[in-house]
Amino acid sequence: MSKQLYADIIIDISHENLDKTYQYAIPQEYKETAVIGTQVMVPFGRGNRFLSGYIIGISDEPKIDKGLIKQISQIVPEATVIESQLIHLAAWMKETFGGTMNDSLKTVLPVKKTVKIKERKRICLNIKEEKFTEVYGENLRKNNPARIRLLEALQKKNTLDYDEVIHKLKISRSTLQGLEEQGVIKTVAEQIYRNPIKLEDTPYQSVNLNEDQKRIVENILQDYITGVRATYLIHGITGSGKTEVYMDIIDGVLKQGKQVIMLIPEIALTYQTVMRFYIRFGERISILNSKMSHGERFDQSERAKAGEIDIIIGPRSALFTPFKNLGLIIIDEEHENSYKSETTPKYHTTDVAIKRAMMANASVILGSATPSLEAYHKAELGEYKLYTLTKRAKEAIPPKVWVVDLREELKNKNKSIFSQKLKELISERLSKNEQIMLFLNRRGYAGFVSCRSCGHVVKCLHCDISLTSHNSGKLICHYCGHKEHLPQKCPVCGSKYIAAFGTGTQKVEEFVKKEFFNARVLRMDTDTTKLKGGHERILKAFAQQKADILVGTQMIVKGHDFPRVTLVGIIAADLSLYAGDFRAGERTFQLLCQAAGRAGRDALPGEVVIQTYHPEHYSITCAAKGDYKAFFEQEMLYRKLMKYPPAAHILLILISSKEEEKVEKAAQFAGEAIKEWMNQNSQELQVIGPAPAGIAKVNDIYRRVIYMKDEDYQNLVNLKNYLEGYYSYSEYFNNCNLQFDFNPMSGY
């Protein structure tokens with residue numbers, strides 16, 4: 001008799017106290033099929049409730065008394081199997097980013113719920129010609145018109161669609177059943193996969209790459225063919241043709257029999273990107289995103305597992321597509337915030353992509369016109385291979401950039417949201433029947449306080465970050481908790497024009513229609529894109545020149561290519577420049593460069609107007625010149641001085657509870673535990689807090705934060721593990737929730 005095997009199973013329920021494996025005996029009949037990644041049903045707890053779980057390990061050693069180990073009840077039939085590689089990836093994510101194993105498993109699972117499979121049924125003739133003559137003659141004698149009708153149809157066409165037989169030939173199901181029992185016909189069912197792509201029949205036109213593009217394609221493919229697997233950073237200015245480079249590299253990887261994941265940051269980009277890929281690669285591409293139905297997502301995962309598609313395109317969730325022969329992961333616009341998960345585990349897509357690529361023996365390509373400081377820093381250290389594209393494709397020239405000082409506009413009695421320069425250029429473009437994009441830089445807007453006369457922004461004395469205005473009349477730092485009163489006058493110039501800064505897209509749209517009443521205006525923001533297909537509908541209308549002016553937030557300035565857009569107006573660059581976040585300067589530079597990159601992408605020359613109260617700030621001066629290197633060097637000086645990423649790493653701890661007293665005590669206890677860990681390990685981390693979170697109370701839940709900085713990432717992981725142990729056993733954390741976020745991308 002073969003040796004008894006035991007499975008380590010993670011129970012598929014969301015409960016932190018159950019974040020551990022339970023050992024179950026594998027019955028002999030399941031010995032071959034119970035492999036790592038299999039979904040099973042097991043009796044759980046004293047009441048032996050039947051719950052589903054996943055096998056994440058197998059051994060022949062019992063961890064407890066054999067008599068106490070229960071057996072697996074059954075393997076879930078037709079369950080979505082988790083690839084062994086994805087389970088190991090989930091375990092790594094739990095260790096690296098915190099959270100429970102269940103959290104990680106639910107992140108990497110290709111589908112979160114089983115859906116009804118769509119089928120197409122066909123009726124086939126199942127007898128030879130001599131037998132057919134006999135059966136046909138017998139039914140003529142018995143005068144069975146329905147059977148005669150079906151047999152005559154099958155004689156002409158050996159296979160018929162099931163629905164056609166029922167509805168057009170008017171054949172009853174009982175008639176079909178009778179013929180099937182006699183072996184005259186057989187019913188064949190095949191699964192139909194839902195295709196989320198609405199295909200357009202457009203011929204592919206090959207593009208001639210320039211010398212820089214060719215060099216990148218040749219070098220990366222040479223590495224790939226010779227077995228070198230690496231992470232590459234392609235730094236190409238807006239309009240330099242990065243997508244064409246990706247497609248040529250993908251073509252080479254597909255020829256090696258491999259599959260490709262192409263990540264894009266926004267659902268809004270999917271339509272244009274997918275159409276370009278479909279025209280080049282045909283039907284063996286698909287998409288995954290959160291706006292698809294469960295059925296569509298289920299089918300794409302099934303197609304991927306079955307090897308029916310070679311390329312998947314989508315936002316960060318597409319990273320977990322269950323490809324068996326994954327060869328390449330591309331992360332386009334790698335600097336985007338949306339690549340950081342805001343739910344537990346709070347992973348960064350780039351880190352997980354590199355880990356998955358290592359497991360699958362694949363390569364990773366990161367691409368951006370404005371790389372994140374983290375990516376460029378690693379390229380400088382040699383961890384990534386850096387390639388640059390400095391020229392626009394199609395021989396287009398970069399746009400002319402105007403920087404307008406809004407302080408001067410106010411002095412000249414112009415209180416409109418449009419500077420005189422922007423008004424002039426909008427009028428000029430409308431007269432030429434060219435298109436305009438007006439970008440409202442709202443990302444990270446958190447109500448900073450600014451003087452309209454001199455541009456002074458009220459900052460925290462301790463963190464060099466703008467203070468955030470609250471309804472209480474207080475200004476608060478969301479890093480250290482420092483508070484002060486809202487000043488009545490500007491502390492620098494004494495002006496009374498000091499207040500929280502901000503406006504909305506609807507107001508901008510109203511101003512546009514009032515100022516340029518003959519212009520056709522479209523608005524694109526979260527309100528106008530709520531419905532499925534909202535992004536595509538607006539972008540398609542603008543691409544077809546059904547509007548003169550497109551007003552929107554950051555979603556309008558990323559990756560879109562409109563040949564007749566010759567003017568981009570950036571209404572208020574400062575909205576992201578002082579957003580209460582140490583990444584504010586970087587995000588401002590990135591958004592301004594991305595916005596400027598929408599103008600003059602084809603034969604028509606482009607212009608850009610940047611409106612700001614701080615025209616001298618290096619984020620704005622470098623963006624106006626398109627000088628990434630100068631910006632990077634200046635910003636890194638600030639990051640090193642303040643020990644912000646990538647010069648150091650940050651671990652944020654968020655403690656929350658419905659009881660304010662409990663969250664206060666838990667935060668204080670966590671602070672003491674951190675000091676204890678530092679003493680035990682002779683480590684000197686920089687600790688900020690505990691302090692109230694930026695939003696200290698959400699839905700009656702109180703929140704406290706602690707920030708820790710250190711140059712060694714592993715030190716922060718070790719501290720996280722230590723605090724997880726405290727959280728599991730200390731009564732101070734009863735009725736409290738503890739979350740970890742490494743190098744957070746947004747405020748709390």
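Colleague: What kind of model is it, and how are residues numbered?

Modeller: It's a predicted model, where local features need pLDDT of at least 70, side-chain atom pairs count only at pLDDT 80 or more, and totals for chains, interfaces and linings use all residues. Residues are numbered from 1 along each chain as its sequence is written, and side-chain values use heavy atoms, with hydrogens and water left out.

Colleague: Let's start with the five-stranded sheet. What's the strand order?

Modeller: S2-S1-S4-S3-S5, an open sheet with antiparallel pairing. Strands here are DSSP runs of E with at least two residues, helices are H or I runs of at least four, and both are numbered from the N terminus. Two strands pair if DSSP finds at least two bridges between them.

Colleague: And which strands are at the edges?

Modeller: S2 (21-25) and S5 (74-75), each pairing on one side only.

Colleague: How many bridges join S1 to S2?

Modeller: Five, with S1 (residues 6-11) and S2 running antiparallel. Tyr6 stands opposite Ala25 in S2. Helix H2 packs on this sheet, touching S1 and S4 (49-59), and its direction makes about 85° with that of S1. Contact means heavy atoms within 4.5 Å; angles run from 0 to 180 degrees between N-to-C directions, with axes fitted to C-alpha atoms, for helices over the stretch in contact.

Colleague: Staying with H2, is Ser104 buried or exposed?

Modeller: Ser104 lies in H2 (residues 101-108), and at 0% relative accessibility it counts as buried. The cut-offs: buried is under 20% relative accessible area, exposed is over 50%, and partly exposed is in between, using a 1.4 Å probe and protein chains only.

Colleague: What does the side chain of Ser104 reach?

Modeller: The backbone oxygen of Ala90, at 3.3 Å. Leaving out residues up to four places away in sequence, Ser104 touches Ala90, Met93, Lys94 and Pro345.

Colleague: Where is Pro345 found?

Modeller: In the loop between strand S13 (326-332) and helix H11 (349-360). A cis peptide bond joins Thr344 and Pro345, with omega about -5°. There's also a cis bond from Gly689 to Pro690, where omega is near 5°; Pro690 sits in strand S28 (residues 686-698).

Colleague: Now Leu86. Which residues does it touch?

Modeller: Val108, Phe320 and Arg356, again not counting residues up to four places away in sequence. Leu86 and Arg356 are 270 residues apart in sequence but 8.1 Å apart in space, C-alpha to C-alpha. Leu86 is in helix H1 (residues 84-97), and at 1% relative accessibility it counts as buried.

Colleague: Switching to the six-stranded sheet, what's the order there?

Modeller: S16-S26-S25-S17-S24-S23, open, with parallel pairing. S16 (400-405) and S23 (521-524) are the edge strands with a single partner each, so one side of each has no neighbour in the sheet. On average, neighbouring strands of this sheet are turned by 15° against each other, direction ignored.

Colleague: How many bridges join S23 to S24?

Modeller: Four, and the two strands run parallel. Met524 has Gly552 in S24 as its bridge partner. Helix H16 lies across S17 (435-439), S23, S24 and S25 (565-570), running at about 150° to S23.

Colleague: What about Gln545, what's its phi?

Modeller: Positive, about 60°, although Gln545 is not a glycine. Gln545 is in the loop between H16 (534-543) and strand S24 (549-552), and at 35% relative accessibility it counts as partly exposed. Asn361 also has a positive phi of about 60° without being a glycine; its place is in the loop between H11 and strand S14 (363-368), and it counts as partly exposed at 46% relative accessibility.

Colleague: Last one: at what angle do H18 and H20 pack?

Modeller: About 170°, with the axes of H18 (residues 584-596) and H20 (residues 628-642) 10 Å apart. H18 and H20 are therefore roughly antiparallel to each other, a label for angles over 145 degrees.

Colleague: Which residues meet there?

Modeller: Gly585, Glu586 and Phe589 in H18 meet Tyr628, Phe631, Glu635 and Arg639 in H20.

Notes
Parallel < 35°, antiparallel > 145°, perpendicular 65-115°, else oblique. Polar contact = N/O pair within 3.5 Å; in protein donor to acceptor, adjacent residues only side chain to side chain.
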